[in-house]
Amino acid sequence: MSESPRERALRTSLLQRSDQWKAAADRARRLSRQGTEDVGDAMRLVDDYRLLAHDLARARRLVPETRARRFLEAAYAQAHATLHKPSTHLGYAVWSLFRDQVPEVVRWLRPHIIWVSLLFVVSVMVGAWMVNTYPDLINLFASPDLIATVERGELWTEGLLNVMPSSVLSVQILTNNIVVSLFAYCAGFLFGLGTFYIVGLNGIMLGAIFAFTRQHGLDDELFRFVLAHGCVELSVMVLSGAAGAAVGEALIRPTLASRGQSFQVAALRTGKLITACVVLLIGCGFIEGYISPNPEFPLWTRAAVGVGYWIFMIALLRGWLFGRSRDHTPIDT
Amino acid sequence: MVERNEATIDAPDEGHEGHVVDSVTGVDVALHIAGPGARTYAFVIDWHIRVVLSVAWGVIAALIYNGRWSLEAPVEATPAWFVLVALPAGVIYLLYPVITEIAMRGRTPGKRMAGVRLVTHDGSVPALSAFLLRNVFRLIDSFPAFYGVGLVTCVVTRNHVRIGDLAAGTLLVYENGDESVLEYVNPQALGAKLDGPTADIVNDLLRRWNTLDEAARGRLARKVLSGVSPADWSAASTAGLRGELERVARGERA
């Protein structure tokens, strides 16, 4: 069926504007890459957006299966993305994250933190009970090398600095801790079961190892080793677990229209706490690499470092380090 | 802006599944969702780039560290070797996706070559936190090997997303950034001299000229020219036909 003269005229008048589309697409691409502080440039993009929307609506009707329509679709989507690009001021974003958002997430996660802490403590007790009652069970939780070392009356941490330098040790430890912490968080995707498994297993292992070293009179030495970095490291494990549990709960009991949306909101919200956890674990890694294995540090120094770093953690999570007070106004990023 | 998460459209021209976003103009933004194929293609390119970069750093740094043509690592790890050679190579490999996605606003070199980019469900560029989160969830997506979990979720989910995308609220969509329009036609010629539908056909023919065989382009050119000019084109050479088409496109022929 041949088209009417009116349709031909409309198509012609539409295509006559192709130069404007190209200019609009170029501007949208340029501003997407570089941004601008020129108000005139930004206003022209808003005008372009209207122009592209108007012509795209006509193109979808008049020339639905042409390159002109495809070009307009792509240009319109590009202009849309450029106009709706979130403003990013890294300094404000970091300040807002640690001053307002992380404390808010911690307050929201308070029940999860309590429950996961309880799970961890119970797991430690279970691990200790298991190895105290059935000493052979240590084979489930520790490597043969570790068992042999402890049975010789030594801790595997002794002479650690002779094997590798503190810097290398620190980075290896912090990398490992960060991966475990992130894994405990991400495993919440399995309706929280993965998180509970990781937190529970870590707790049981800790309890079992302490019970095993106690049987060989080395628990004091192990406590000395763990004291400086362990306070924060174990707290971060609980925090990651709490974040993972919240993600799992969002899937089990969605509070929004769908499980997917609920999961997404919970993940984005708790992800902020994970950023703080990673920062804290970097500090733990350096303490564990430089202070914990070094026998020259006395117990009181280790206690001061452990407790001091734990107080630092509380201050970070409450936003005090970034100027948060009771009557604060949230930072507009 | 209201996001219609459940809406899918059929893109008649390309056959990709689509995601429709309402906009303030009242005209929907249509985004074509990239499937597992495009995603895998982009990943394979990116994986090769990050491996090459990481190995290149390791090799160059090892040569500098050793001060001779040797890549040999010290028997006992020294801080200098670790800081100069091993650590940066590992950091390049691990942080390549997140750094490139943030720096290139949802693209990576691989995604750019595959013609795809990351957007949020409302069609905008994802925030920094979304980029970080989708990369953290690689821990799960890469399970048990070769991104098995990610690939399976990508195949079975409606918007072809992996778990990291579900968590961060991101979509991988086709970019179509290189699509052009009426590049051979002078828009000023449209109107009395040349109507829109003919201009579209002339432009398309000129664009595809070199990919068509001689008989086909001659036949098509004669058919188009007979519609815009009463002259007899049956004996014209293909070079002559192309010249005439270009004159028509420039509006030099009444």
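How many helices and strands are there in chain A? Chain A has 14 helices and 0 strands, where helices (H or I, at least four residues) and strands (E, at least two) are DSSP runs numbered from the N terminus.

## Basis of the model

This is a predicted model, in which local features need pLDDT of at least 70 and side-chain atom pairs count only at pLDDT 80 or more, while totals for chains, interfaces and linings use all residues. Residues are numbered from 1 along each chain as its sequence is written, and chains are lettered from A and ligands numbered from 1 in the order in which they are written.

## Overall form of chain A

Read along the sequence, chain A follows the pattern α-α-α-α-α-α-α-α-α-α-α-α-α-α. Its radius of gyration is 29 Å, well over the 20 Å that the globule rule gives for 333 residues, so chain A is more spread out than a compact globule; the radius is taken over C-alpha atoms, and the rule is 2.2 Å times the number of residues to the power 0.38. Along the principal axes, the C-alpha atoms of chain A fill a box of roughly 100 × 45 × 45 Å.

The domain assignment of chain A gives domain 1 (5-83) and domain 2 (90-322), with bounds that come from an automatic or database domain assignment. The C-alpha centres of these two domains of chain A lie 53 Å apart.

## Helix packing in chain A

Helix 12 (residues 219-252) of chain A takes part in a pairing with helix 6 (residues 110-133) of chain A, in which the axes come within 8 Å and cross at roughly 120 degrees; axes are lines fitted to C-alpha atoms, for helices over the stretch in contact, and angles run from 0 to 180 degrees between N-to-C directions. Helix 6 and helix 12 of chain A are therefore oblique to each other, on a scale where angles under 35 degrees count as roughly parallel, over 145 as roughly antiparallel, 65 to 115 as roughly perpendicular and the rest as oblique. Their crossing is right-handed, a term used if the near helix is turned clockwise from the far one by less than a right angle, with left-handed used if anticlockwise. In this pairing A:H112, A:I113, A:V116, A:S117 and A:F120 of helix 6 meet residues of helix 12 including A:V238, A:G241 and A:A245, contact being defined by C-beta atoms, placed from the backbone, that lie within 7 Å. By class, the contact of helix 6 with helix 12 has 8 nonpolar, 3 polar and no charged residues, with Ala, Val, Leu, Ile, Met, Phe, Trp, Tyr, Cys and Pro counted as nonpolar, Asp, Glu, Lys and Arg as charged, and the others, Gly among them, as polar.

Helix 12 of chain A also packs with helix 14 (residues 299-318) of chain A, at an angle of about 10 degrees and with the axes 7 Å apart, and these two helices are therefore roughly parallel to each other. Among the residues that make this contact are A:R224, A:L227 and A:C231 of helix 12 and A:R302, A:Y309 and A:W310 of helix 14; by class, the contact of helix 12 with helix 14 has 11 nonpolar, 3 polar and 2 charged residues.

Helix 10 (residues 166-186) and helix 13 (residues 259-290) of chain A have axes that come within 8 Å and cross at roughly 150 degrees, and they are therefore roughly antiparallel to each other. The crossing of helix 10 and helix 13 is right-handed, and the residues in contact include A:L174, A:N177 and A:Y185 of helix 10 and A:C277, A:F286 and A:E288 of helix 13. This contact of helix 10 with helix 13 has 15 nonpolar, 7 polar and 1 charged residues.

## Chain B

Chain B has 10 helices and 4 strands, whose order from the N terminus is β-β-α-α-α-β-α-α-α-α-β-α-α-α.

## The contact between the chains

The contact takes 49 residues from chain B and 51 residues from chain A. On the side of chain B that touches chain A, at least two residues each are supplied by several elements of chain B, among them strand 2 (29-32), helix 2 (79-103) and helix 8 (196-207), while helix 4 of chain B gives the largest share, 6 residues. By class, this side of chain B has 31 nonpolar, 12 polar and 6 charged residues.

## Local backbone features

The peptide bond from B:F143 to B:P144 is cis, with omega near -15 degrees, and B:P144 is found in the loop between helix 5 and helix 6 (148-156) of chain B. In chain A, phi of A:F191 is near 55 degrees, a positive value in a residue other than glycine, and A:F191 is found in the loop between helix 10 and helix 11 (193-215) of chain A.

Technical notes. Contact = placed C-beta atoms within 7 Å.
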